[in-house]
Amino acid sequence: MRKPKKNPNGAGSIRQRSDGTWEARYTQEIHAGTGKQIRKSVYGKTQQEVRQKLAQITVELDSGTFIEPSRLTVGEWLDMWLADYVKISVKLTTYQTYERKCRGNIKPHLAAVKLSALTAPAIQKMINRLNEDLSPKSVKCIHGILHKALQQAVSLGYIRANPADACKLPKLVKKEITPLDKEEISAFIDAVRGHEFETLYLVTLFTGVRQSEAIGLRWRCVDFETGRILINGQLLRDYAAGGYYFDESTKNNKSRHIAPAKFVMAALKKHKVEQMKARMLAGSAWIESDYVFTNESGEHLKHVTVYKGYKRIVSELGIPTARYHDLRHSYAVAAIRAGDDVKTVQENLGHHTAAFTLDQYGHVTENMKRESADRMDMYIANALAP
């Protein structure tokens, strides 16, 4: 008598449970000794959800890549998540950040824990320890990365719920921005006169472009006829792969046109002439590129070189704590004080929303409101004077 056929690995059935959720049962393997099927289950809120999970498991079983969720450690899952789900869906720099945070901050605390056994208290303990050495913003970032990884595990049916949901994060303390004041800006302009990066520093100060956007600026994006500059990318460094540089889209993936002051466009014209002279002197050693800011050989500038030059200047001016990013803040504050509306400033800076810009520089508008009220008080006092 012929024995009935056993379901192949991955074959499964779907049913709705009494609580309204759905369950898909599948055959993980046939026990070699007894010949019995080893059945497992995945769960979901809808039939379609568990059907997709079942299909994914079947593919992995057929290809030999399936790992039983109950055997996965957090460290193993983070590696899988980074390689299979993150790398193809985010920018290289974002992936590198995720990988670095997983390796340096999450794995030392949770790598050996079974994914199925991971609890909110265990994650909370990690958060509390990290908070002793890192800023609240960094802790929040690390928690966010872990939460995304665990949410993907939930979607795949590896775990029932996301234990990171129940964690409490340290209170974020907004860091006060420190733009250069009027006197410091004047001193900075005098200090950079004749400096090899003079034009780069002035363009940053008077347009608010990010350092990577300025270093990656191309001449084809500078329109002297219309007086506009197209900011459509940035030059970044891949620290994880030997330090090579690569072009990347802007931070919010949106290009923008800016219309700088005539002073800026005049400085760029002068800079272009100087660059052409350098090209003639270099001769065949000149590296052909379209970069606006280059060294004496035509090669694009490096972030660290530009940064060190800036820090030397501000240190000599007696403001050693000034960050390069403070040039961007200085532009924003000056623009608002000059009367630019927040929407215009937002678009020039390349912020995602005007609300973010207002949150960053709201104190400036509040000061302007108080100054306006003071001026009105003076006007009223003069009007009422006998």
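**Close-up views of a predicted model**

The protein chain holds 13 helices and eight strands. Helices (H or I, at least four residues) and strands (E, at least two) are DSSP runs, numbered from the N terminus. The model is predicted: local features need pLDDT of at least 70, side-chain atom pairs count only at pLDDT 80 or more, and totals for chains, interfaces and linings use all residues. Residues are numbered from 1 along each chain as its sequence is written, and side-chain values use heavy atoms, with hydrogens and water left out.

**View 1. The chain as a whole.** Of its 386 residues, 40% count as buried. Buried means under 20% relative accessible area, exposed over 50%, and partly exposed in between (1.4 Å probe, protein chains only). Contact means heavy atoms within 4.5 Å. Among contacts in the protein chain with a separation of 6 or more, 58% come from residues 24 or more positions apart.

View 2. Gly194 follows α6, with a positive phi near 90°.

**View 3. The largest pocket.** About 2,300 Å³ of space lies in this pocket. Its lining counts 46 residues; Lys137, Arg210, Lys251, His325 and Phe356 lie nearest the centre. Two or more lining residues come from each of α3 (92-110), α5 (136-155), α8 (211-215), β6 (234-237), α11 and α13 (354-384). By class, the lining has 13 nonpolar, 18 polar and 15 charged residues. Ala, Val, Leu, Ile, Met, Phe, Trp, Tyr, Cys and Pro count as nonpolar, Asp, Glu, Lys and Arg as charged, and the others, Gly among them, as polar. On a 1 Å grid over the protein atoms alone, a pocket is an open set of points where a 1.4 Å probe fits, with protein on both sides within 12 Å along at least five of seven lines; lining residues have an atom within 4 Å of a point. Grid points are joined across faces, edges and corners, and a volume is the space filled by probe spheres set on the points.

**View 4. The second largest pocket.** The volume of this pocket is about 630 Å³. It is lined by 27 residues, with His195, Glu196, Phe197, Thr199 and His271 closest to its centre. Helices α6, α7 and α9 (262-282) each give two or more residues to the lining. The largest share, seven residues, comes from α9. Twelve of the lining residues are nonpolar, eight polar and seven charged.

**View 5. Glu213 in helix α8.** Glu213 sits in helix α8. This residue is buried, with a relative accessible area of 2%. A polar contact of 2.8 Å joins its side chain to that of Arg210. Such a contact is a pair of N or O atoms within 3.5 Å; within protein, one must be able to donate a hydrogen and the other to accept it, and residues adjacent in sequence count only if both atoms are side-chain atoms. Leaving aside neighbours within four places in sequence, Glu213 touches Ile231, Gly233, Gln234, Thr250 and Arg256. Glu213 and Lys251 are 38 residues apart in sequence and 9.3 Å apart in space, C-alpha to C-alpha.

View 6. Asn252 lies in the loop between β7 (245-248) and β8 (256-258). Its side chain reaches the backbone nitrogen of Lys254 at 3.1 Å. Beyond neighbours within four places in sequence, Asn252 is in contact with Gly350, His351 and His352. Asn253 belongs to the loop between β7 and β8 too. At 54% relative accessibility, Asn253 counts as exposed. Its phi is near 65°, a positive value in a residue other than glycine. Most residues other than glycine have a negative phi.

**View 7. Asn105 in helix α3.** Asn105 has its place in helix α3. With 16% relative accessibility, Asn105 counts as buried. Neighbours within four places in sequence aside, Asn105 is in contact with Arg100, Met126, Leu130, Leu134 and Ile142.
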